[in-house]
Amino acid sequence: MTAPSSSAAQPDSQLSPASGGAAQGGPSAVALDLHQDVAQLTAALMDIESVSANELAIADALEVALRALPHLSVTRNGDSIVARTELGRAERVILAGHLDTVPLPTMPGSRGTVPSSWDGDVLYGRGATDMKGGVAVQLALAATMPEPTKDITFIFYDHEEVAAVKSGLGRLVRENRELLDADFGILLEPTNGTVEGGCNGTIRFEATTRGKAAHSARAWMGENAIHAAAPILARLAAYEPATVSVNGLDYRESLNAVKVHGGTAGNVIPDQCVVEINYRFAPDKTPAQAEEHVRGLLEGFDLVRTDFSAGARPGLNAPAAASFVAAVGREPLPKYGWTDVARLSEMGIPAVNFGPGDALLAHSDNEHVHADAIRECLAALTRWLG
């Protein structure tokens, strides 16, 4: 669930054709049983190591499994896959999830590893919450619902946990946009089984102060750039972030220094200091408005924007959203972090987050999910689509 950078660049490698590795006679793909218990399917997905940039094996396994389902049309682009029903329904919905995980933990005794492990009905390992449970739910629905009441576009994409320029979903938007049209979208990121509408935006800056280098034994000959950054930190420490209501959901903002670096040696007065700042802003603001807000707070300082991503409004006004919330049966909440619902929102597709597992466990050395949470997520979507 990494917020992307807005800067433009090309992906690491060239894109593969519509059908990928396993279907083209590459290495044998791992066989996945899409009809098994969805919690066991989650474990099977976790056992295929898929740290960002290493999604080939899991993408191959999904492609083979999805192409075996005659009611789906399947397109592959790199290590991203789009599978669609073509039933002529009045509505089309997107169910989307990313295939990659953050790197494996290195601390001894960590349970956030690959392969997965069970402790009773709790599944441990990298990707348990972020987000192999959600991907397993997508696959189970693809296999068991050949005639849903709405047409479904299943999207499985690579490179979500890294810079936006590598995003598989971003690549699909650029190169396969015609496959992504829909009336409503659901991103199966972990939400503890509650609908979370929209997401906050994010914007980052570097605030630089400059001084004059000198020997620290004769500090009066220099000007300390780190000391000059103290007013920046003071303004940020005194700042009181807002809570903004958007379409009935309350989004908590935050504005913080996230990194400070400066100085060259232990006996030199530093001549430069850089404070890195991150503002998480409610989806009532555009990135330009968010930038204006931060510049107003830090007026007088050398401030450079380094990246930004727009937020997404809740998306709960769409008719499909109302029926989905009713099927889930819980009061919707806001999404404070950035997710790819923002990409769908930019395309004019209202979207929400809904998936199994606690987002607070994502990326942790103790990452885990309860089997029943995955089953309940599948049951809610089955009720809605069935």
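D37 and R375 join their side chains in a salt bridge, 2.9 Å from N to O (a side-chain nitrogen of Lys or Arg within 4 Å of a carboxyl oxygen of Asp or Glu). The pair ties together distant parts of the chain, 338 residues apart: D37 lies in the segment before α1, R375 in helix α10 (residues 371-385). This is a predicted model: local features need pLDDT of at least 70, side-chain atom pairs count only at pLDDT 80 or more, and totals for chains, interfaces and linings use all residues. Residues are numbered from 1 along each chain as its sequence is written, and side-chain values use heavy atoms, without hydrogens and water.

**Salt bridges**
- The whole structure holds 22 salt bridges.
- D37 is partly exposed at 31% relative accessibility, and R375 is partly exposed at 34% (buried is under 20%, exposed over 50%, partly exposed in between, with a 1.4 Å probe and protein chains only).
- R92 pairs with E86 at 3.5 Å, N to O; R92 is buried, with a relative accessible area of 10%.
- D119 pairs with R111 at 3.5 Å, N to O.
- Shared partners join D60, E63, R67, R76 and D79 into one salt-bridge network.

**Packing of α1 and α3**
- Helix α1 (residues 38-46) packs on helix α3 (residues 128-144) at about 120 degrees, with axes 8 Å apart (helices are DSSP runs, H or I, of at least four residues, numbered from the N terminus; axes are lines fitted to C-alpha atoms over the stretch in contact, and angles run from 0 to 180 degrees between N-to-C directions).
- Contact residues (heavy atoms within 4.5 Å) include V38 and L41 of α1 and A128 and K132 of α3.

Definitions and conventions. Helix = DSSP H or I, 4+ residues; strand = E, 2+ residues; numbered from the N terminus.
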